[in-house]
Amino acid sequence: MALDFAHTETRKIIHASARSFFERVSSTEAVRKLEASDHGHDTESWAAMAELGWLGIGIPRELGGSEGTFLDMLPIYEEMGRHLAPNLHLEVVAIAAAAILRIGTAAQQRRLLPAIARGEMLVVPTVMTAEGSVGACPAATYATEPSGYRLNGRRILVPYAGSADRLLWLASPGDAAQTGTLSAFLVDTGDPGVSIQRLPNLARQPLYEVRLEDVVVDRDDRLGTVEDAGPLLADVVLEAAVLQNACIVGAGRRVLEMTVDYAKERHQFGQAIGRFQAVQYLITDMLIDLHRADRLTRQAAYRIDRGIPYRREAAMAVAFTKQAAARIHRKAHEVFAGIAFIEDHDLPLFSRRSKYWENHLGDAGFFENLVAAEMGLNSESAIQTEGSP
Amino acid sequence: MNVSYWTTPRLEDLRKRVREWLDRELPPEYEGFRWDFEERDEQWAFYREFWRKLGAQGWIAPTWPKRYGGLEYSRREAAIVDEELDRRGAGRLAGIGEAVGPILLRLGTEAQKERFLPGMAAGEILWAEGYTEPGAGSDLASLRTKAEWDGEHWRITGQKTFCTGAHHCNWIIIAARTDPKAARKQDGISFFLAPLDDPRITLYPLHNIADGRQNQIFLDGVKVPHDQLVGELNRGWQQVWLKQGGAAIPEFPFVDPGPETEYQPEPTGPGKILQRLVDYCRDTTIDGRPRIADPQIRARLVQMAIETEALRLIEHDAAPPYGPALYQAMEREHRAAFAQACMEILGPTGLIQDGELAPLAGDIDRLYRRSFGNHAGGTSQIKRLLIARALGLPR
């Protein structure tokens, strides 16, 4: 009864080429530059990724994609995390393109996916609600009209809205009868009813508040024909969160390496601080957390890739990894102490980005609730007692 | 990558045979036996017999060569046997000295292998471990029991302690110092095999808080012939303890053209307890509502489930990075934290050990008391130091 977590030879090659690619385009200087920039988006490396076929992974060849499986994305995300590359691939490929594939009509897929795979169209989803939760948002509604839909509302923490061509706007029907259902709409960011406001944030990521005021879209800009796209979107988001886990693991590995190196080099009291058991405990704690996050993530990714039931394992992996991320970075700071409190040290680049990953697409608590649901812990009487669904 | 469990028709045949054998041979009242935490006579009487019967099937040491009493099973087949034994909570007696089998396979002379292995595989020989001393626990290499050559025999003198279950065993493996002048303490240690019915060996009981019995063992010039030395003289620490060198332990390949299908093994260990705890929280009420309605309890159950799942994955990892110490540290710490969390979920009624009012038939009480035995085989702190070293942190 032995489990094999190793990547295949093909995936090892993808891993190696991802490492050398992101080493080149995403040095810590490049990361700082993007953090200080207006849009936080590097068009050159995006075009290079398109050329490598990485924007088309999971998209069928006849729609301009490069095929490839979910697991093939794992090593790329590990390296994106390790090098703190922009998180744009997650939004455009892992969520928007995946949603179009899963929910969209054949015509919509033909219209959108080839351009996305070529790097010519940036579509970003609006997953976070105006309150900072996930999914359906009372503040984002649509009304059905003769020729299409009228969208109103606001959502926050939308990544890369300032660079996007389109938003994949998630909204619920304006009438009470259908509360809770969710649909996705393609919104042109150039539409005059769209206003985008950058949100200054701890992670220095390009996150925006987006307001829609009477934005009218065609029938054909509603994704798919299913009445409630909520469950399908929830799956897409959960799968994307597993990929985001890989970023956390990739970054965590680098942070562990940095911390071990520092503990070996930094001398106090006539010896390397890595000799002190207090420091060894902090570091071994980091490794144990990192390793658990890695194995839970690989299991979830494996199950998604194989098309077998994965929600419980994915929710567990995501809840755990978000919490582990916080612990790993906190302990790294404990080892580095004073010098990593200073702006120009590399560690804060990681710990600040980690805070974004810990919260994006939902926080650990959100995914713990998913685990509880998958474990069947949410009893009827529990729901009544708490008075909330 | 393969994070699944796979079986074949032939493996399922084996599973069926083991399962049916257990249905015949293991009555429910003997399920859940732990050799290290059980001292009731009727349980031991049953298990001595059960162990011999298991040995007669070849299932005590199925991966061993046939000439030593094994069945030459591959690891996959042995895993099926293990799964079924675990599923029924069948006791294992080999746990007492389970290291001795591999030690003999690697380092034993042919005579030693022929003399001991078949009896072990048949369930006749049980090994006690004479390693730890009052002054040598985590720092085992500082042991002081000595073995001196008198021209005809090795004479072993010293005191061992915490020898779990030694009073149930018939043989003991003893770590002794054979070269007191060696520059490094690790370079003068040897391992010997001795029968426990030797008049110069005296056992004194140490009863632990988890209902198990350990022993102090006094060795008063025990006479051991030279052919009961295992491995090279003075190289015991490296060869036996650190598992360096010796012959490769024979492994038998899994040969089965049958189609593979996926399966999910039933949860065992903490996973199984957790499932029972979830059911308990659903089926019992506190202050007028089911325990499971309490969001704090749900949150705790979720955390326990995630940590238990992570542990399961790492336990079965075919290629663990940084060696066995990573899993070992995690498992010890999980054992303690899990037991603590179980008790917190039960609350005050968790104090009740027996009778109608004891939650989960007292199984959490036992789990909790046993969790303080998580130092066995090396404390988690030592394992952490080993991991630190494997990471390259300085000694």
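This is a predicted model: local features need pLDDT of at least 70, side-chain atom pairs count only at pLDDT 80 or more; totals for chains, interfaces and linings use all residues.
Side-chain values use heavy atoms, with hydrogens and water left out; residues are numbered from 1 along each chain as its sequence is written, and chains are lettered from A in the order in which they are written.

On the chain A side, 52 residues are in contact with 50 residues of chain B (contact means heavy atoms within 4.5 Å). Four salt bridges are counted between the two chains (a side-chain nitrogen of Lys or Arg within 4 Å of a carboxyl oxygen of Asp or Glu). One salt bridge pairs R312(A) with E309(B), whose closest N and O atoms are 3.9 Å apart.

Now for a pair of helices (DSSP runs of H or I, at least four residues, numbered from the N terminus). The axes of α9(A) and α8(B), residues 295-315 of chain B, come within 10 Å and cross at roughly 95° (axes are lines fitted to C-alpha atoms over the stretch in contact, and angles run from 0 to 180 degrees between N-to-C directions). The two helices are therefore roughly perpendicular, the term for angles of 65 to 115 degrees. From α9(A), R312(A), E313(A), M316(A), A319(A), F320(A) and Q323(A) make the contact, and from α8(B), Q303(B), A305(B), I306(B) and E309(B).

Notes
Angles under 35 degrees count as roughly parallel, over 145 as roughly antiparallel, 65 to 115 as roughly perpendicular and the rest as oblique.
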